[in-house]
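Subject: Structure handover

Hi,

Here is the structure for your files.

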Amino acid sequence: MAEGTLARAQAGDGEAFRELIGPYRRELQAHCYRILGSVQDAEDVLQEALLAAWRFLGQFDGQSLRAWLYRIATNRCLNYLRGESRRPQSADLPLPDQGAERAGRVRSDEPWWLEPYPDDLLGDVTPGPEARYDSRESIALSFVAGLQHLPPQQRAVLVLRDVLGFPAAEAAGILGTTTAAVNSALIRARAGIRPDTNPDTVPLPRSPAEAAVVERFVDAFERFDLGQLVALLTDDARLVMPPEPVEFRGPRVVAAFLQEHLWGGEVKLVPTRANNQPALVLYLPDPCAPIWRASSFVVLTLRGNQVSMLTRFGDLGLLARFGVPRTLPRD
């Protein structure tokens with residue numbers, strides 16, 4: 001941080017302020033996303049945090065700008081979570097009966113506000129030496145979903161300590177509490193979150209192994225090959241569909257749902273990426289025009305050479321963040 005830039009920003013130079021915070025903006029947005037689980041909420045809260053940083057820049061002591069910005073952003077996230085009325089409500093759908101549960105359709109505990117995070121927004125951040133999660137694990141959709149089940153303070157502590165690697169004393173300073181309180185909250189948070197899968201079994205992002213699984217999945221889906229699709233799904237495969245409060249479990253149950261609701265005509269799958277994972281946009285033919293229309297956005301969670309989870313989002317407003325069009329011309 002150049003002292004001259006700081007001085008100009010504190011004197012009211014907006015361009016100097018943008019230069020000052022620029023290197024931290026992406027990591028701060030990812031930080032807000034991990035705590036809130038929603039890209040839109042993260043963007044809104046980060047804007048509030050940066051506005052507060054601009055207003056109170058004169059109070060910055062000149063020590064660690066990064067920690068100071070994290071303090072503002074983290075506390076803005078916690079303030080947001082205290083306002084329950086600002087949270088979207090879950091979909092008002094009937095819950096599965098016992099027969100449906102036996103058939104693999106069960107109530108889902110996935111957070112209904114969960115949204116996928118565009119890979120283009122990910123920054124190149126090196127966690128501190130005390131971090132327990134690498135950058136791939138800490139942005140995975142299942143990890144972010146798991147964080148949402150922790151109480152807000154525990155959630156913030158775990159992200160600051162185990163994701164970003166802030167020392168306990170520095171995390172305490174960010175949260176305005178004591179080191180003892182941080183350590184106590186971290187113990188409870190670690191006990192409350194369980195990894196969805198062993199990271200060693202997940203193919204590396206953008207690797208040939210990952211690409212091969214996705215290619216096989218797309219091939220099976222577009223050819224309506226039910227047998228190949230079932231073979232590609234793990235024995236404990238799940239299909240979740242935020243904000244709907246139901247999910248489908250088991251390879252045959254998941255494949256049957258896809259067959260019933262999405263098959264029966266032409267389909268087109270266009271690859272993209274979210275949360276450092278492969279994702280697909282599903283297009284269906286328009287019956288009245290020679291175009292494809294986007295139908296849903298699906299994030300794939302891989303384990304070895306199979307798919308262990310499909311997270312399907314029906315909100316087409318998400319597509320703009322990923323630079324994906326709502327329609328495509330038909331060849």
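First, the angle terms: under 35 degrees counts as roughly parallel, over 145 as roughly antiparallel, 65 to 115 as roughly perpendicular, and the rest as oblique. Axes are lines fitted to C-alpha atoms, for helices over the stretch in contact, and angles run from 0 to 180 degrees between N-to-C directions. Helices (H or I, at least four residues) and strands (E, at least two) are DSSP runs, numbered from the N terminus.

This is a predicted model, where local features need pLDDT of at least 70, side-chain atom pairs need 80 or more, and totals for chains, interfaces and linings take in all residues. Numbering starts from 1 along each chain as its sequence is written, and side-chain values use heavy atoms, without hydrogens or water.

**Helix packing**

Helix α8 (residues 152–163) packs on α10 at about 95 degrees, with the axes 8 Å apart. The two are therefore roughly perpendicular. From α8, the contact (heavy atoms within 4.5 Å) uses Q154, V157, L158, R161 and D162. From α10 come V182, A185, L186, R188, A189 and R190. By class, that gives 6 nonpolar, 1 polar and 4 charged residues. Here Ala, Val, Leu, Ile, Met, Phe, Trp, Tyr, Cys and Pro are nonpolar, Asp, Glu, Lys and Arg are charged, and the others, Gly among them, are polar.

Helices α4 (residues 39–55) and α5 (residues 65–82) cross at roughly 130 degrees, and their axes come within 9 Å. That makes α4 oblique to α5. On the α4 side, the contact is made by D41, V45, E48, A49, A52 and A53. On the α5 side, W68, L69, I72, A73, R76, C77 and Y80 take part. This contact has 10 nonpolar, no polar and 3 charged residues.

**Pocket**

Helix α3 (residues 25–36) gives the most to the lining, with 3 residues. The lining holds 9 nonpolar, 4 polar and 4 charged residues.

**Backbone**

The P242 to P243 peptide bond is cis, with omega near 10 degrees. P243 sits in the loop between β2 (233–240) and β3 (246–249). R206 is not a glycine, yet its phi is positive, near 65 degrees. R206 lies in the loop between α10 (179–192) and α11 (208–222).

Best wishes
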